[in-house]
Protein chains: 2
Amino acid sequence: MDVRTLCLGVLYQGEASGYEIKKAFEEGAFSHFQDASFGSIYPALGRLSSEGLVDCTQMAQEKRPDKKVYKLTDKGNDALITSILVPPSPDKYASDFFFVLYFAELLPIPQVALLLDQRITFYKNTIERMSECDLSTIPEGRQLCHGLGMTVYQSSLDYLEKHKDSFLNKLKIPSQNTPFTNSNRHAS
Amino acid sequence: MDVRTLCLGVLYQGEASGYEIKKAFEEGAFSHFQDASFGSIYPALGRLSSEGLVDCTQMAQEKRPDKKVYKLTDKGNDALITSILVPPSPDKYASDFFFVLYFAELLPIPQVALLLDQRITFYKNTIERMSECDLSTIPEGRQLCHGLGMTVYQSSLDYLEKHKDSFLNKLKIPSQNTPFTNSNRHAS
DNA sequence: TCAGCATATATCAACCCGATATATGTAATT
DNA sequence: AATTACATATATCGGGTTGATATATGCTGA
């Protein structure tokens, strides 16, 4: 999904400045499945504005830079709907955590233990943050996103907590039972 | 993780050409949590080669373009280990599926049903593909990646299958109980 | 007092994706 | 037999994106 559509999505929920849109990707609901940087948000808002998909109101502020507040137009609303009617392209997932874990055999065991502990902490913090969300007041789609996301985080946390210790123990014993051959090089 | 390190990771498992490295990101284990395009793999291999982290052997092939087979050097092995010692940066996840689902209220219900069905099919296919992997012969780290990944896919599948029907039913009734106010605009 | 953080916009080099070009063999379809 | 589609194999490039940085100011806690 291009950044222009992402901005339309954020603005659908209410007018916002570029800075506030960025925050929606960092702290809001979108933070779990989308992201965009200032370097793409500001040009996107410029283009959306020139194409009439958003309205821009310059808000003079005392002792602060001018705040440009963007608001979705009817045309912008239509553009958002058109975009989400297109069959979604596959998820893109990039995880350094998984990459490092994949090569755990190359690391000192305390380093691996730290890796897992920090991941567990991350899951716990994320779940707690999401638990604070009041589900009763948000639309159905958002509720399902929330529920599915929670499920993923919770099951990941459960799995890691359940297998962490036995995994670290197995790493202590230089693996006799895992001969590494070319036949399983790129296994799924 | 930059593409150069990703290439080192693939080559750690055995020598490969640029084309084969790309396949590792498309069909292999890495496909679930990393990706790279030809446009970044080939330049990366060139740089790795000039820096002495990989060796390149030109393989003349009959009736095919020359195949350049890259092999990790000791220096490249060290570089891989150095890279995975760095604390991993946060996951990057971009999902158009979640974005569209988030705005389900804007879509016709059959379209939402299709979205969920295709997602369910995706999870089923992925789980089946991963089930074919012989776990007994791969190192511990890879086994934990596999187990954690399976857990995520399986719990997502279970959740969607459990909530799909009631969700679609709720969409049919124009929501009286979900007043949309500014107070829950960017909720987590 | 002073570092650090929040607000607010903007730019830019480095990097990366997705599409495209090139060349050929094999398999399936018509 | 002809054609289409797919697989092998490398390479380039426009355009989009990231992450860092610059600029300017107020607030807050050590």
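Colleague: How are helices and strands assigned, and how are they numbered?

Modeller: Helices (H or I, at least four residues) and strands (E, at least two) are DSSP runs, numbered from the N terminus. A:Ser40 lies in helix H3 of chain A, which covers residues 38-50. Chain A has seven helices and three strands, in the order α-α-α-β-β-α-β-α-α-α along the sequence.

Colleague: What conventions apply to the model and its numbering?

Modeller: This is a predicted model, in which local features need pLDDT of at least 70 and side-chain atom pairs pLDDT 80 or more, while totals for chains, interfaces and linings use all residues. Residues are numbered from 1 along each chain as its sequence is written, chains are lettered from A and ligands numbered from 1 in the order written, and side-chain values use heavy atoms, without hydrogens and water.

Colleague: Is A:Ser40 buried, partly exposed or exposed?

Modeller: Buried means under 20% relative accessible area, exposed over 50%, and partly exposed in between (1.4 Å probe, protein chains only). At 22%, A:Ser40 is partly exposed. A:Phe38, also in helix H3, is partly exposed at 32%. Of the 188 residues of chain A, 47% count as buried.

Colleague: Which residue 36 positions away from A:Ser40 has its C-alpha atom at 8.6 Å?

Modeller: That residue is A:Arg4.
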